[in-house]
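Hi everyone, thanks for making time. Have a look at the sequence and the structure on the screen, and then I'll walk you through it.

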Amino acid sequence: MAKVRKHHSSTPCLRVGPSEVHGLGAFATRALPAFALLGIYEGRRYSQQEIAAKVWDGQLTYLFTLSNRETIDGAKGGNGTRHLNHACDPNCEAVEEYDDAGQLLLKFQTIAPVNAGDELFVDYCLTADDGSPASDYPCRCGSPNCRGTMLADLG
C-alpha cells in the first residue's frame, strides 16, 4: 500500500480569492498579530540582464526586484504571496533576509494585527525607470491617504 503524503501549504496564513481592489487578493486565514510571517515570495529568479532581454508585452506580471538586483517572477513557481495587492496604507510589508546558504529571500509579514478574512496589502513602492507618468500606475486601494498611484512616494 502506497503512503499518502500530506501537502502542506507554504502560505498557511493566507488564502487567495476575489479582491474588491484588483483581481485576486490574499486574505488572512486566521487572526494574526503584527509581524506574523505570511510566507516567502517564491518563483523563478532572473538576473538583471535576463529581465532586460525578456519581452513582457504588457502581460500581467508578478515581478519583485530584490536589493541585489535579482528579480523573482512569482508567476513561475510562485505561491499565494504573489496575490498581495497594493495599498497606500498597507497592513503588511516585504522584508529581505539571507538564508543559511546565502541566498537573498523576500518574506512578507504583517505590520499590524489583522482579522481572519481581512485582505492583506503591501505598498508596492514602484519606480518607473522609463519615466512613465504616475497615471500609468493607478491605485485602486480606496484608502483615505491614497496617493492615486502605486509609484513610491518620493516627496
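**Confidence, a sheet and some salt bridges**

In the protein chain, confidence is at its lowest in helix α1 (residues 48–53), with a mean of 90, and at its highest in strand β10 (residues 119–122), at 97. The score here is pLDDT, the predictor's confidence in each residue, from 0 to 100. Helices (H or I, at least four residues) and strands (E, at least two) are DSSP runs, numbered from the N terminus.

A quick word on ground rules. This is a predicted model, so local features need pLDDT of at least 70 and side-chain atom pairs count only at pLDDT 80 or more, while totals for chains, interfaces and linings use all residues. Residues are numbered from 1 along each chain as its sequence is written, and side-chain values use heavy atoms, with hydrogens and water left out.

The mean pLDDT of the protein chain is 89, and 92% of its residues reach 70 or more. Please be careful with residues 4–8: pLDDT stays under 50 there, and the model gives them zero contacts beyond four places in sequence. Contact means heavy atoms within 4.5 Å.

Now the sheet. Three strands make an open, antiparallel sheet, in the order β3-β9-β8. At the edges are β3 (37–40) and β8 (92–98), each pairing on one side only. Two strands pair if DSSP finds at least two bridges between them. Between β3 and strand β9 (residues 104–110) there are three bridges, and Ile40 stands opposite Lys107 in β9.

Lys107 forms one with Glu97, the closest N and O atoms being 2.7 Å apart. This pair links distant parts of the chain, with Lys107 in strand β9 and Glu97 in strand β8, 10 residues apart. Glu97 is partly exposed, at 37% relative accessible area; buried means under 20%, exposed over 50%, and partly exposed in between (1.4 Å probe, protein chains only).

Arg45 forms a salt bridge with Glu70, with 2.8 Å between the closest N and O atoms. Here Arg45 sits in strand β4 (residues 44–46) and Glu70 in the loop between β5 (63–65) and β6 (71–73), 25 residues apart. Glu70 is partly exposed too, at 24%.

Finally, Arg44 and Glu50 meet through their side chains at 4.0 Å, N to O. Arg44 is partly exposed at 35%, and Glu50 is partly exposed at 36%.
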